[in-house]
Amino acid sequence: MRRFLVVFSLILGVGMGLVAEQVNLTFYYPVSVAGPLAKVIEAMVAEFNATHPNIQVTPVFAGGYNDTLLKVQAAIMGGTPPDVAILLSTDLFTLRAIDAIVPLDEFIEADVDGQKYIDDFFPALMANSLLEGNIWSIPFQRSTPILYYNKDLFREVGLDPERPPTTWDELVEYGLKLTQRAPDGSVLRWGLEVPFSGGFIWNFEAFIYQTGCPGCNEVKIVSDDGTEVYFTSQHVLVALRFFRDLSVYYKIMPNGYINWGTVPSDFLAGRAAMIYHSTGSLTHIRNNAPFEFGVAFMPGLSCYGTPTGGGNFYIFKAIPESHRKAAWTFVRWMTSPEKVAEWSIKSGYIAVRRSAYSTELMSAFTSEHPEYLVARDQLAYAHKEFACYNRAKVTKILFDQLARAILGEASPEEALEEAQRQANAELEPFRK
Amino acid sequence: MKGHKGGRAIRNLGHILLILAAISIWLVPLWWTVITAIRPVSETLSLTPQWITHRPTWENFKRAFNLAPWGRYYLNTFQVVVGTFLLQMIIIIPAAYAFARLTFPGRDLLFYVLLVQLMLPAAALIFPNYTTIKTLGLVDTKVALMLPYAASAFGTFLLRQAFRTVPQELEDAALIDGCNWLGLIRHVYLPLIKPVFIAFALNSIIYHWNEFLWPLVVINSPSKRTLTLGLAMAFKSQETGFDWPLMTATLLIVISPLLMLFVVFQRWFIRIYAQSGIKG
């Protein structure tokens with residue numbers, strides 16, 4: 001009888017131990033590319049739950065990136081933050097300002113292969129995660145703008161379809177040939193479309209980085225601590241002059257606002273011969289282009305250059321230690337080479353780790369679709385995306401001033417000085 | 001005589017053209033939505049606008065149906081909309097009556113305080129409301145979607161103004177005849193202010209049917225999502241440009257019941273709006 005009791009209490013104890021170890025995590029995620037991606041995420045999480053009996057992750061779809069940030073902020077104020085979330089890599093400063101997240105260095109150091117894991121990510125994708133000497137987020141759904149061009153139209157105007165433009169001069173030269181006007185002067189087809197709308201400066205950033213020197217990473221428009229911007233630098237000025245001239249002087253691009261969402265449609269309809277758009281649009285364009293198209297690096301002035309964009313994993317602060325550990329296990333699993341490859345193929349985002357490209361799944365896919373490798377290779381010229389404290393406000397300031405210069409309401413110099421002045425005022429409270 | 005007749009014909013023609021123009025403002029976007037929803041993706045990329053489609057397809061609707069369990073979302077939205085409205089009735093009818101007919105100290109001050117609510121946009125109250133809901137332990141419940149709207153200042157204001165137009169004598173007569181307070185509301189006040197009451201109901205239903213931000217913040221479980229959250233799955237493709245056929249097909253799935261309701265009851269709707277003088 002006594003033996004029975006001992007065994008019984010042992011079983012009970014172990015059983016209760018197991019119950020106590022079960023950790024329930026909440027995971028907020030946005031969806032911002034076309035297609036049923038919420039289902040892909042849910043399926044991946046279900047697979048994680050099935051293989052990790054002690055951790056149950058509940059995925060919570062939270063709209064677009066901005067909606068997800070709003071939901072996270074509300075949850076934090078209510079005292080029930082999610083355990084883990086995908087938010088823009090550039091949301092780092094916003095999350096730091098409300099002290100919402102934990103640095104991940106502790107977890108990385110605790111893992112035997114931690115440093116190897118971090119080094120496997122493309123450095124340009126990691127750049128937005130670094131602040132105050134810590135790593136705050138893990139890249140997951142990332143993209144860069146790339147050049148898409150219509151090979152049929154290249155042939156039509158006598159350009160070599162296998163030689164996309166590589167410099168700004170060539171971009172203008174090709175654009176002039178590709179732009180087609182009716183006898184009355186109205187434009188039938190634009191040589192180039194670069195999205196510029198809605199306070200969104202992502203594509204313009206590319207032009208800034210393209211004024212750098214080859215192999216160096218020194219074109220800076222914001223300080224590392226996110227409290228100072230350098231909008232009046234020569235790099236920004238040169239970029240703005242060229243960006244304005246594309247529509248005002250060379251007239252190979254529509255002047256004024258160019259809607260992000262309609263640029264791929266214009267390209268597919270043959271209304272624009274070349275476009276700069278997210279790598280995330282590649283699948284959409286590949287599935288719908290009724291012509292042969294090419295993908296290439298965006299041309300540069302002295303060097304190729306591009307910003308990165310997209311979302312990273314963050315782990316939150318006001319949760320128990322056991323939750324943070326479980327969240328880290330989840331993040332590591334979601335960013336394992338196989339899962340990174342699977343996610344990249346299903347979503348169209350860049351696979352964020354080098355080793356993902358040597359997985360069987362990915363190499364089979366890229367040997368069939370080599371165009372997906374262009375974005376990866378362009379990462380060698382990538383810079384971190386513009387981010388600072390009060391990012392939404394500062395970005396809007398810059399966008400509005402760029403627009404004034406492009407629409408001819410101010411000279412580029414005046415516009416950038418005004419942007420710098422207003423941005424300084426916004427950033428003042430964050431300077432120590 | 002003949003000239004007079006001709007003048008009338010021209011005037012009638014003018015009326016008809018005017019009405020056609022007005023109809024087309026409403027009809028063209030709807031027509032475009034329907035056409036885009038049933039055309040193949042490749043056709044949406046045509047250089048010139050295509051007003052009809054030669055190859056209608058259900059493919060977009062199939063994709064839209066696969067996005068989310070729409071039946072469940074319908075049920076959720078329906079429950080929330082009806083629940084919110086019932087809660088509002090329970091609270092604002094007595095409140096409106098009290099502000100309209102009873103005299104008690106501080107009545108006017110209280111009323112003005114209530115009106116301040118009208119001036120605050122709902123989005124500004126998201127954080128405080130969330131904190132309250134959290135304290136009550138109601139996060140991720142449908143009740144949380146209804147509660148912040150229960151004491152509608154707009155509804156109270158509207159009904160109070162309407163109640164005041166009812167002659168005091170009618171109330172007195174009913175009371176003398178032995179009618180109690182509930183009976184008074186049911187048989188005297190509500191029938192007399194029916195148009196205002198229904199206008200408020202429509203306003204409430206349409207607002208909560210379309211609401212996005214608050215459900216987004218409060219709801220976590222996929223099984224409790226409302227229609228608007230489902231719509232977001234088709235519409236939030238900000239990184240890749242717009243998939244118009246999918247967006248329009250999803251939109252039609254979501255709005256078609258309301259649209260049908262409107263077509264069936266349109267005479268009634270219009271009469272009510274015309275009587276109450278409320279803009280939608």
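This is a short tour of a predicted model, with what to select at each stop.

**Stop 1: the sheet in chain A**

Select β2, β1, β3, β13 and β6 of chain A. In that order they form an open sheet of 5 strands, with mixed pairing. Look at the two ends. β2 (55-61) and β6 (138-143) of chain A are the edge strands. Each has a single partner strand, so one side of each has no neighbour in the sheet. Now look along the sheet. From one strand to the next, the twist averages 20°.

**Stop 2: one strand pair**

Keep β3 (residues 84-88) and β13 (residues 309-315) of chain A. They pair in the antiparallel sense, over 5 bridges. Which residue of β13(A) stands opposite Ile86(A)? Show Phe313(A): that is the one facing Ile86(A).

**Stop 3: a helix across the strands**

**Stop 4: the nonpolar cores**

In soluble globular proteins, nonpolar side chains tend to be buried together. Here the largest nonpolar core has 161 residues. Select Val84(A), Tyr148(A), Tyr314(A) and Phe330(A), the residues with the most contacts inside that core. Then centre on Phe330(A). What does Phe330(A) touch, leaving out residues up to four places away in sequence? Its contacts are Leu25(A), Phe48(A), Ile55(A), Val57(A) and Val84(A). Another core, of 16 residues, lies apart from the 161-residue one. Among its members are Ile93(B), Ala95(B), Phe163(B) and Tyr189(B).

**Stop 5: where the chains meet**

Show both chains. In chain B, 26 residues are in contact with 34 residues of chain A. On the chain B side, α2 (59-67), α5, α11 (213-218) and α12 (227-235) each give two or more residues. α5(B) gives the most, with 5 residues. By class, this side of chain B has 13 nonpolar, 9 polar and 4 charged residues.

**Stop 6: two loop residues with positive phi**

Most residues other than glycine have a negative phi. Two aspartates here have a positive one. Select Asp99(A), with phi near 50°. Asp99(A) sits in the loop between α4 (92-97) and α5 (105-110) of chain A.

Finish on Asp140(B), where phi is near 65°. Asp140(B) belongs to the loop between α5 (126-135) and α6 (142-146) of chain B. With 15 other C-beta atoms within 10 Å, Asp140(B) is partly exposed.

Notes: Residues numbered from 1 in each chain as written. Chains lettered and ligands numbered in written order. Predicted model: local features only at pLDDT ≥ 70, side-chain atom pairs only at ≥ 80, totals over all residues. Helix = DSSP H or I, 4+ residues; strand = E, 2+ residues; numbered from the N terminus. Buried ≥ 20, exposed ≤ 12 C-beta atoms within 10 Å, placed from the backbone. Contact = placed C-beta atoms within 7 Å. Nonpolar A, V, L, I, M, F, W, Y, C, P; charged D, E, K, R; others polar. Core = buried A, V, L, I, M, F, W, Y, C linked by C-beta atoms within 7 Å. Pairing = 2+ DSSP bridges. Axes fitted to C-alpha atoms, helices over the stretch in contact; angles between N-to-C directions.
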